[in-house]
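Colleague: I'm new to this one. Can you walk me through it?

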Amino acid sequence: MSSLLKTVMGCLLLAAAASAAAQEMNKGGPTTLYDRIGGESKLRATMHEFVLIMESDDRINFTFANTDLKKFEQLLFEQLCNITGGGCKYTGRDMYTAHAKLNINNAEFNALAEDLYEAFDREHVPYRLQNKVVALLAPMQRDVVKDHLVPQDSPPKPK
Amino acid sequence: MICSRALRAVVVRVCALGALLLCGQAATADNLVGSDEGKFLLTAGFNDLDGAGGGGLVPLAFISGYGSSDSWGANAHFTDIQLKDFQLRAFGVAVGALDRVEVSYTRHEFDVTGTALDGLGVSQDIVGVKVKLLGNAVYGQDSWLPQLAVGAEYHKNEGIDNAAAVGLAGVVSPKQLGATSDHGTDYYIAATKIFLAQSIVVNAVLRATKANEFGLLGFGGDLKNTYSYKPEGTVAYLLTRHLAVGSEVRTRPHNLAVDDETTAYDVFLGWAPTKNLSLVAAYLNIGGVLGPATGVNRHQDGPYISIQAGF
């Protein structure tokens with residue numbers, strides 16, 4: 001390729017990048033991850049799918065045997081809305097307390113994350129945005145997964 | 001040299017510590033009968049050229065097999081590399097336990113398919129062990145700390161075949177080409193970080209090695225017979241839950257006068273349709289090979305295909 005052609009192509013690429021950047025800025029400030037996912041309707045639809053998928057997932061559905069699934073779905077919506085910048089208040093228990101007696105292991109924690117990816121897929125949320133959500137949830141592993149079996153009658157850890 | 005000696009001492013001690021940790025963890029794990037296949041897609045299921053859990057050229061800090069920290073897993077691979085004048089076939093198996101320790105065996109069968117040495121063959125066996133030290137590349141999204149692992153790879157060169165056919169009658173060992181030994185051990189430390197919010201994986205490795213052309217031409221040589229301390233790296237972009245695209249670089253020592261060994265690099269696609277099957281399609285360039293001996297100085301590049309099955 002001639003050096004002139006390379007220079008011209010380089011300039012075109014730069015111009016394209018600059019114009020894309022300008023378009024991004026014209027949108028008026030940074031949008032939240034919540035908005036980029038598709039806001040309340042999309043997140044509620046995803047959480048509905050999520051609960052359906054988990055319910056039929058034999059790897060983890062035993063943990064929901066005594067769970068009010070309607071309330072669970074609402075709490076999941078609140079929590080994901082909250083951490084993605086949607087401004088919701090999460091009214092559930094903290095992650096350590098909520099999972100204190102479930103003896104969740106890493107495989108079960110990961111299975112739940114796989115189900116969340118699947119739910120986002122079904123709602124056609126782009127994979128790179130799914131990863132941004134899971135990046136916010138992944139550190140919760142330290143509170144959800146216990147490194148030892150918790151006796152069923154042990155009191156929750158004081159916070 | 002002090003550095004590589006220190007690295008070796010650390011790796012050996014950590015491997016011993018890893019064995020102890022493994023015994024302690026096994027006592028409390030309850031999923032040891034079958035694998036729970038509890039890891040995320042793409043975080044297992046791939047083995048590098050030397051058999052360690054990783055990509056094509058470079059190991060990752062991940063432990064082979066999809067078993068979680070309460071379970072185990074295993075992975076078998078078959079790899080075919082067609083360079084301009086050489087072909088390398090690698091096959092082997094790796095077992096990972098408790099997401100903590102990995103043991104691997106791989107065999108290399110290397111054939112010259114061009115130049116004046118057409119028909120020459122070399123083979124070697126590689127036994128590897130890797131221990132995850134600390135950090136978690138998936139869960140540690142709120143931390144700068146990468147997942148860290150150390151490993152050792154013992155290579156035994158099984159000698160040169162068919163040398164008489166190319167006018168090198170009597171040459172049966174890489175030692176006759178200038179290598180100091182037909183066996184050697186690489187030691188490495190790997191740091192792997194998944195930037196999940198950016199869908200990017202970054203991996204850095206430091207390897208203490210005497211290997212010539214991955215050990216295919218022996219260890220140490222007439223130019224240098226001490227450990228070299230060589231960096232390697234991987235960058236990958238996660239396209240989907242099943243597909244990653246990326247590039248690897250592996251710098252290598254130059255110990256042999258008959259060889260013109262230099263940096264190897266590749267671009268790759270890694271595809272995991274399920275946790276039981278992974279495929280790597282890459283384009284590999286390992287630079288000149290045996291140029292001073294054959295007079296053929298061109299870069300040796302070509303396709304790298306690897307099929308891997310496991311759980």
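This is a predicted model: local features need pLDDT of at least 70, side-chain atom pairs count only at pLDDT 80 or more; totals for chains, interfaces and linings use all residues.

Colleague: OK, how many helices and strands does chain A have?

Modeller: Chain A has eight helices and zero strands.

Colleague: And chain B? How many helices and strands there?

Modeller: Chain B has two helices and 12 strands. From the N terminus, the order is α-β-β-β-β-β-β-β-β-β-β-β-α-β.

Colleague: What percentage of chain B is buried?

Modeller: Of its 311 residues, 51% are buried. A residue is buried if 20 or more other C-beta atoms lie within 10 Å of its own, exposed if 12 or fewer, and partly exposed in between, with C-beta atoms placed from the backbone. For chain A, buried residues make up 25% of the 159 residues.

Colleague: Let's talk about the core. Which residues touch the most other members?

Modeller: The largest nonpolar core has 97 residues, and those touching the most other members are Leu43(A), Met47(A), Phe50(A), Leu80(A), Ala61(B) and Ala190(B). Helix H6 (residues 106–122) of chain A gives the largest share of this core, seven residues. By nonpolar core I mean a set of buried Ala, Val, Leu, Ile, Met, Phe, Trp, Tyr and Cys residues joined through C-beta atoms within 7 Å.

Colleague: What does Leu80(A) touch?

Modeller: Leaving out residues up to four places away in sequence, Leu80(A) touches Leu43(A), Met47(A) and Val133(A). Two residues are in contact if their C-beta atoms, placed from the backbone, lie within 7 Å.

Colleague: Which residues of helix H7 are buried in chain A?

Modeller: In H7 (residues 127–137) of chain A, they are Gln130(A), Asn131(A), Val133(A), Leu136(A) and Leu137(A). These buried residues pack against helix H2 (33–37), helix H4 (69–83) and H6 of chain A, together with strand E8 (228–238) of chain B.

Colleague: At what angle do H6(A) and H7(A) pack?

Modeller: About 150°, with the axes of H6(A) and H7(A) 10 Å apart. Axes are lines fitted to C-alpha atoms, for helices over the stretch in contact, and angles run from 0 to 180 degrees between N-to-C directions.

Colleague: Which residues meet there?

Modeller: Ala113(A), Leu116(A), Tyr117(A) and Phe120(A) in H6(A) meet Gln130(A), Val134(A) and Leu137(A) in H7(A).

Colleague: Now the contact between the chains. How many residues does each chain give?

Modeller: Chain A gives 15 residues and chain B gives 18 residues. On the side of chain A that touches chain B, H7(A) has the largest share, six residues.

Colleague: New topic: where is Thr115(B)?

Modeller: Thr115(B) sits in the loop between strand E3 (101–112) and strand E4 (121–134) of chain B. Its phi is near 65°, a positive value in a residue other than glycine.

Colleague: Is Thr115(B) buried, exposed or partly exposed, and why?

Modeller: Thr115(B) is partly exposed because it has 19 other C-beta atoms within 10 Å.

Colleague: And where is Glu213(B)?

Modeller: Glu213(B) is in the loop between strand E7 (200–209) and E8 of chain B, and its phi is near 50°. Glu213(B) counts as buried, because it has 23 C-beta neighbours inside 10 Å.

Terms used. Residues are numbered from 1 along each chain as its sequence is written. Chains are lettered from A and ligands numbered from 1 in the order in which they are written. Helices (H or I, at least four residues) and strands (E, at least two) are DSSP runs, numbered from the N terminus.
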